[in-house]
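Look at the structure first, then read on.

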Amino acid sequence: MKKISMLINALDRISHINPEIYGHFSEHLGRCIYNGIYVGEDSAVPNTDGIRNDVIEAFRNIRMPVLRWPGGCFADEYHWKDGIGDKAQRKKMINTNWGGVSEDNSFGTHEFFRLCELVGCEPYLAGNLGSGTVEELSEWVEYITLEGGSPMSELRKKNGREKPWKLKYLGIGNENWGCGGSMRPEYYADEYRRYQSFCKNYSGNELFRIACGPSAEDYNWTEVIMKNLNQYHTKGISLHYYTVPTGDWSHKGSATEFDTELYYSTISKTLYMNELITRHTDIMDRYDPDNNIGLIVDEWGCWYDVEKGTNPGFLYQQNTMRDAIVAACNLNIFNRHSGRVIMANLAQAVNVLQSLILTEGEIMVKTPTYHVFDLFKDHQDGELVYCFSTNEQAGDKVPLLSSSASVKDGVMTITLANCSLEESAEIACDIRGFEGSSASARILTGEVHTCNDFDEPDRLVPSAHPVKLENGMLTAELPPCSVVCVTVK
């Protein structure tokens, strides 16, 4: 057993943890939307306006703050007018990015905003800069947010929505360095400046415009964007980084079949997120010392080879305790960088990549990753506080412990992950500047290959875990491969 000393100073308030750091991503990809979130009004699966009731409830339970849609690479081939009006008359298309399947556009703007209303989350739209036009994106904003008196607002009313919606988050393009147009940053910066100027604020709605930021360690992209866009109504820039265990995109490794070495490689690669955010933040600080532009990690998570026998373009993969550790490490990193990171969106919400939920017919499974979001949800809107730990090595590559702490409404939330597969961790945490009289904890733990599936959907679920608080000293034991949330009141 490894002994780890921690110090938490609640008087040292570092930054605010935006709820949107616990955001999610839904793309027209595989079974994320169709037969995942959306089953249609005539489905035997219990639904509200075609949206699965169990999915709505699950999203609400983790207090999903924001949901990104319609992509992803799909966004820069998506033409929003194809997804409004009579569903029988909607234009069909081929999803060239993901499996070459037919897209009937039965889930469009109205359906997405209805989903967000039912869940209680903010919509985050990714606009089509790659194959679209300035007029198209401008009219989409007008259709959604203008009260009345224009062709687009009247078209919305004709399609059954009298009042405009509120739209805060608007991404102008997606991965424009890649599938969104293979652009140079200088070219994209000029295009962004043009597009954003025609996306106007209507009827009291104020847009939070987000520019396409870098892929992983493309620091030059961040440099060029910050240099060119700082004064052009940019509230955020995105960052995309996926954890690929092997580091080889042609052979990423299995979601369920991996050895100890590959497990530690996975954790090492996910912890690289900390370096990426640190270095991109350093660039942003030079151009934006007042922190007016947020960093938005709107695609993150594990990317493995697809499950055997499934469409390779659908990116369907299982989800084990390894993914739970990855999720916990990333969320702790985002918390610790919440001075600059204002939103993050796990890829993806249902049936795709490191998903929260898997569905098959009427059955819904909550993955270990889902349960981590449930454990961490009380960080939302909290104040990050100083949290230091002596640390040990797990395996030969990674720190044993991942942690963060926050305070909100007189309650302290501490989240911990023991990344070791072999060693338990004995935690002794000195809590200062906070008058707590009681502590409780919940834990998610299991053998690292363990997953929830359609035969045993509750194989891995959080349970109560013993902790002790005496005279400001919190003590607990973390078994190997575990995620723990401690609540101090």
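The turns below go from the strands to the salt bridges and then to the cysteines.

Q: What should I know about the model before I start?
A: This is a predicted model, where local features need pLDDT of at least 70, side-chain atom pairs count only at pLDDT 80 or more, and totals for chains, interfaces and linings use all residues. Residues are numbered from 1 along each chain as its sequence is written, and side-chain values use heavy atoms, with hydrogens and water left out.

Q: How do strands pair in a sheet, parallel or antiparallel?
A: Strands of a sheet pair through backbone hydrogen bonds, and either sense can occur, parallel or antiparallel. Two strands count as paired if DSSP finds at least two bridges between them. Helices (H or I, at least four residues) and strands (E, at least two) are DSSP runs, numbered from the N terminus. Here, eight strands form a closed barrel in the order 2-5-8-9-10-11-12-13, with parallel pairing. On average, neighbouring strands of this sheet are turned by 25° against each other, direction ignored. Axes are lines fitted to C-alpha atoms, for helices over the stretch in contact, and angles run from 0 to 180 degrees between N-to-C directions.

Q: Over how many bridges do strand 8 and strand 9 pair?
A: Strand 8 (residues 122–127) and strand 9 (residues 169–172) share four bridges, in the parallel sense. Y124 stands opposite Y169 in strand 9.

Q: Which strands does helix 2 lie across?
A: Contact means heavy atoms within 4.5 Å. Helix 2 (residues 109–119) lies across strand 5 (66–69) and strand 8. Its direction is at about 150° to strand 8.

Q: How many salt bridges does a search of the whole structure find?
A: A salt bridge is a side-chain nitrogen of Lys or Arg within 4 Å of a carboxyl oxygen of Asp or Glu. The search of the whole structure finds 27. Among them is the one between E191 and R194, at 3.3 Å, N to O. Both residues lie in helix 5 (residues 185–197), three residues apart, about one turn of the helix. Another joins E186 and R184 at 3.5 Å, N to O. R459 forms one with D453, with the closest N and O atoms 3.4 Å apart. E41, K87, R90 and E111 are linked in a network of salt bridges.

Q: Is E191 buried or exposed?
A: Buried means under 20% relative accessible area, exposed over 50%, and partly exposed in between (1.4 Å probe, protein chains only). E191 is buried, at 13%.

Q: Which cysteines does the disulfide join?
A: A disulfide is a covalent bond between the sulfur atoms of two cysteines. The search counts a pair of cysteine sulfur atoms within 2.5 Å. It finds one disulfide in the whole structure. That disulfide joins C73 to C179, S to S 2.2 Å. C73 lies in the loop between strand 5 and strand 6 (93–94) and C179 in the loop between strand 9 and helix 5, so the pair ties together parts 106 residues apart in sequence. The torsion about the S-S bond is about -90°, so the disulfide is left-handed. C73 is buried at 12%, while C179 is partly exposed at 35%.
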